[in-house]
Amino acid sequence: MMFSLTGAAVRALTELPIAAKFDPWEVAPPGVWLIFGIVGLPVYIAFLGWFAGSPRNLKSSVLGSVVFLTFVTSLWGGLFALTMVIRLLFY
Amino acid sequence: MSSKKATPRDIVRPTQSTSKWYYIVGAVATVVALVWVVLWGWQLEHGLVVTGLADWGSGGGVTWGLYIGAFIWWVGIAHGGIILSAAVRLFGMDRYLPVARLAELLTIGALSMAGLYIVIHTGRPDRLVTSVVPSYPWTVQTSPLAWDITVITLYFVLTATYLALTLRYDVHRLRDKLPDHFGPLYSVITIGYSEREDKIIERMVWWLALGIIVLAPLLLHGGVIPWLFSLLPSMPGWQGAIQGPQFLSIALTSAIAGVIIMAATLRRAYDWDHILTDDVLRGLTMWLGLFSLLFIWLQLQQVINGVYAPAVDAGTVTAAKLVNPVYIFAIGTMVLVLSYIFAQAVRASVFTPARSVTVSLLALAATLSEKVLFVVEGLEYPTFSLYEAVPGHYFPSIFELASVAGTVALCTLFFMAVLKVFPVIELHAVEEHDDDEEVST
């Protein structure tokens, strides 16, 4: 019994295919883990530092978060306004 | 080096006085920007086809050209700033504190120009937001363009937040020296400010610096921007993992060059040779040398791999690159830049601010040329010679050439406006020399 198990294990190891196939697309589309898992990490860490690091106070952390969100909104809001002006003038 | 003491009064001087040169530079930049806006209007009126980029029947099949090359170039310039500033905070490189805010502002200005290039290069820019935003949950899963937009947004917002938080300290303390007509703006910036927050905000900015120093070099210019090209299997000129470090080295080269030009120009304009000292400019020039060396070294890697025993398609694009006058200009110029920096490293007397500015301008010209050529040749020499029957070679149209001058002018105007509103040198950089009575607390 023991020998047959060992033999099976050895056979399994020696008969492994030389090239193993790994397709990240089968796990999840690359953007999901790349952008939200890896690229997002520095941003998550910064926010974690604000709210859980030391020294900290909630008022300053909230202020920082509001400033952050205001810039996101004004960046895309400003871009939207610019593109609408272009639409009015040219299309 | 000057023995003058730097005071807070020095750093608010641009907000209080306006020289003749300020008006002259402002007028020239406005005219250049307006000329380009008129040309862009023409392009909007008649379509992207006026540049030749929308037409595969000409220009050897090139549909991305100077616009995309300049986009990469501006994102690269944007790096210097915030990375330099983050390095000051994270690694205690206090020597460069006087250029930290200038560098942050360069990031904001340059990144805005890069964003503008996305708008300019879109066939129907009016549909940009309304098509990108609603489809984002799907496109982000697979599209490097959606990744690119995500990371540029994060980079811009992190930098702007960083700047806004550090300004609170300075604006509060310098309020009585800043112009009254911007009072409402200063009130918004310092909303809820108390001196007790200083240490906490300083730490928050440290966390931001930590995030930015990873995000910007490794994941933006060494990540999503090269992936726009290197993930496409049919363009051998674009392919390969080396594009990450290559893009980053070029970005850092142009970024430090941009900071040197700005620092030297402001030093001249406002007699800041005691703040932006020879020591600072020479140190920045040495950094420019290091990044230029990396740029050249990575080019060598690509060339040797492209000529020794290349696959047919990779050999074709490398051969085309090596004989292209634009490439010869770019690499020759970088060798010249490196020679000067080596000479001033060996013999300090060779250094002058004017020479450092000259080599910085040359480095910027070289990085722009290399990036545009990279984009163009990648398209012109695809695998299987896909566009061999497409006549002609790409040459930038007047619309594209004017856009480079126009965006440089717009960025200049942005800086000139900021000079009138905020101190562009951090108060911390002059505080150690300050007499207490100079600052109102």
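The part I have in mind is the site around B:Ala209 in helix α8 of chain B.

Analyst: This is a predicted model, in which local features need pLDDT of at least 70 and side-chain atom pairs count only at pLDDT 80 or more, while totals for chains, interfaces and linings use all residues. Residues are numbered from 1 along each chain as its sequence is written, chains are lettered from A and ligands numbered from 1 in the order in which they are written, and side-chain values use heavy atoms, with hydrogens and water left out.

B:Ala209 sits in helix α8, residues 198-230 of chain B; helices are DSSP runs of H or I with at least four residues, strands are runs of E with at least two, and both are numbered from the N terminus. The relative accessibility of B:Ala209 is 0%, and the residue counts as buried. Here buried means under 20% relative accessible area, exposed over 50%, and partly exposed in between, with a 1.4 Å probe and protein chains only. Leaving aside residues up to four places away in sequence, B:Ala209 touches B:Ala86, B:Arg89, B:Leu90 and B:Tyr162, a contact being heavy atoms within 4.5 Å. B:Ser85 is 124 residues from B:Ala209 along the chain, yet their C-alpha atoms are separated by 7.9 Å.

The wider chain gives the setting. Chain B holds 15 helices and zero strands. Its radius of gyration is 23 Å, close to the 22 Å that the globule rule gives for 441 residues, so chain B is as compact as a globular protein of that length; the radius is taken over C-alpha atoms, and the rule is 2.2 Å times the number of residues to the power 0.38. The C-alpha trace spans about 75 × 55 × 40 Å along its principal axes. Of the 441 residues, 59% count as buried. Among contacts between residues at least 6 apart in sequence, 83% join residues at least 24 apart.

Aromatic rings form a further set of links. Rings of Phe, Tyr and Trp (its six-membered ring) pair if their centres lie within 6.5 Å, with planes under 30 degrees apart counted as stacked, over 60 as edge-to-face and the rest as tilted. This rule gives 20 aromatic pairs over all chains. B:Phe182 and B:Tyr186 have ring centres 6.4 Å apart and planes at 75°, so their pair is edge-to-face. B:Tyr186 is buried at 1% relative accessible area, whereas B:Phe182 is partly exposed at 24%. Ring pairs also link B:Trp64, B:Phe229, B:Trp238, B:Phe247 and B:Phe374 into a cluster.

Two loop residues in chain B call for a note on the backbone. Most residues other than glycine have a negative phi. B:Asp271, not a glycine, has a positive phi of about 50°; B:Asp271 lies in the loop between α9 (243-269) and α10 (278-307) and is partly exposed, with a relative accessible area of 47%. Phi of B:Phe384 is also positive, near 65°. B:Phe384 belongs to the loop between α13 (353-380) and α14 (398-421), and at 76% relative accessibility B:Phe384 counts as exposed.
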